[in-house]
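Subject: Handover of a structure and notes on what was found in it

Dear colleague,

Please find the structure below, together with its sequence.

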Amino acid sequence: MFWRVIVLIIDLLQKQSRRVYCKLAVEYYKNKGLTCANTSLGYNVKIHNPHLIRIGIESSIGDNCMLSCWEEYNGQKYSPCIVVGKNSCIGDYSHLTSIYGITIGDNLLMGRFVLISDNNHGSGIVEESTTPPILRPLVSKGGIVIGNNVWIGDKSTILSGVTIGDGSIIAANSVVTKNVPPNSIAAGIPAKVIKRISIT
């Protein structure tokens with residue numbers, strides 16, 4: 001009985017310290033320029049260049065997520081931004097990285113371990129093969145636009161130059177390299193539309 005009480009007390013203290021940590025993290029990033037309103041940041045969220053990021057009201061960023069806007073990399077200048085709409089949920093361990101622009105609509109539901117990246121290390125040309133990837137310039141095929149009411153499954157990857165239409169579903173483990181029309185289900189590597197969602 002004694003040890004059960006001790007465990008309950010420890011659990012309560014951990015939950016309380018976590019709540020305090022997460023609230024302090026919001027204030028810390030807001031002081032560094034993050035635009036957000038009634039936003040929930042999970043534990044151990046990392047934000048690079050928060051002044052280039054806007055998170056809508058009542059949205060949440062899960063534990064261990066990383067949001068990165070790169071204004072400069074290896075001497076090259078970029079104009080990135082990340083915009084997340086209202087009531088959107090970014091799943092734990094997800095990574096959003098931008099040199100061009102990532103725009104996410106309202107009511108997104110995202111699984112865990114999702115990568116949304118509008119950039120690559122290099123262009124994939126043979127001349128770059130002797131250069132370490134970390135030293136190659138960041139390149140982009142364009143911004144990423146994700147519409148309203150989209151559901152993205154666990155471990156999916158969304159690559160540059162892609163638009164995902166309103167109401168669409170991206171199946172778990174998919175790699176999205178081309179546009180997905182509204183109200184569609186896309187799956188696979190590379191992702192293809194496997195079904196259209198009928199509107200009644």
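The largest nonpolar core has 37 residues. A nonpolar core is a set of buried Ala, Val, Leu, Ile, Met, Phe, Trp, Tyr and Cys residues joined through side-chain atoms within 4.5 Å. Here, buried means under 20% relative accessible area, exposed means over 50%, and partly exposed is what lies in between, with a 1.4 Å probe and protein chains only. Ile 104, Ile 116, Ile 146 and Ile 152 are the residues with the most contacts inside this core.

Please note that this is a predicted model, in which local features need pLDDT of at least 70 and side-chain atom pairs count only at pLDDT 80 or more, while totals for chains, interfaces and linings use all residues. Residues are numbered from 1 along each chain as its sequence is written, and side-chain values use heavy atoms, with hydrogens and water left out.

Returning to the core, two or more residues come from each of helix H1 (2-31), strand E4 (53-55), strand E6 (66-69), strand E9 (82-84), strand E12 (102-104) and strand E17 (144-146). Helices (H or I, at least four residues) and strands (E, at least two) are DSSP runs, numbered from the N terminus. H1 provides the largest share of the core, three residues. Ile 146 touches Thr 103, Ile 104, Gly 105, Leu 108, Ile 116, Ile 152 and Ile 164, if residues up to four places away in sequence are not counted. A contact means heavy atoms within 4.5 Å.

The strands come next. Six strands form an open sheet in the order E3-E6-E11-E14-E19-E22, with parallel pairing. Two strands pair if DSSP finds at least two bridges between them. Strands of a sheet pair through backbone hydrogen bonds, either parallel or antiparallel. Strand E3 (46-48) and strand E22 (175-176) are the edge strands, each pairing on one side only. Within the sheet, E14 and strand E19 (residues 157-158) run parallel and are joined by two bridges. Ile 116, already named among the core residues with the most contacts, has Ile 158 in E19 as its bridge partner.

Thr 157 is also found in strand E19. Thr 157 is buried, with a relative accessible area of 18%. Leaving aside neighbours within four places in sequence, Thr 157 is in contact with Leu 115, Ser 174, Val 175 and Val 176.

Strand E23 (residues 184-187) pairs in two ways. Two bridges join E23 to strand E21 (residues 169-170), and these strands run parallel. With strand E24 (residues 192-196), E23 pairs in the antiparallel sense over four bridges. Ile 185 in E23 stands opposite Ile 169, and Ile 185 also stands opposite Lys 195 in E24. The hairpin of E23 and E24 has four residues between the strands, and Gly 188 takes a positive phi near 110° there.

Two loop residues also deserve a note. Ser 88 is found in the loop between E9 and E10. Is Ser 88 buried or exposed? Ser 88 is buried, with a relative accessible area of 1%. A polar atom of the Ser 88 side chain lies 3.0 Å from the backbone oxygen of Gly 105. Apart from neighbours within four places in sequence, the contacts of Ser 88 include Glu 58, Ile 104, Gly 105 and Leu 108.

Gly 122 lies in the loop between strand E15 (120-121) and strand E16 (138-139). At 5% relative accessibility, Gly 122 counts as buried. Gly 122 and Arg 136 are 14 residues apart in sequence and 5.1 Å apart in space, C-alpha to C-alpha.

Finally, a search of the whole structure finds three aromatic pairs. Rings of Phe, Tyr and Trp (its six-membered ring) pair if their centres lie within 6.5 Å; planes under 30 degrees apart count as stacked, over 60 as edge-to-face and the rest as tilted. One of these pairs, Trp 70 and Tyr 73, is edge-to-face, with 5.9 Å centre to centre and 80° between the planes. Trp 70 counts as partly exposed at 25% relative accessibility, whereas Tyr 73 counts as buried at 14%. Tyr 93 and Phe 113 form a stacked pair, with 4.8 Å centre to centre and 10° between the planes. Tyr 93 lies in the loop between strand E10 (89-90) and strand E11 (95-98), and Phe 113 in the loop between strand E13 (109-110) and strand E14 (115-117), so the pair ties together parts that are 20 residues apart in sequence.

Yours sincerely,
A colleague

Definitions and conventions. Polar contact = N/O pair within 3.5 Å; in protein donor to acceptor, adjacent residues only side chain to side chain.
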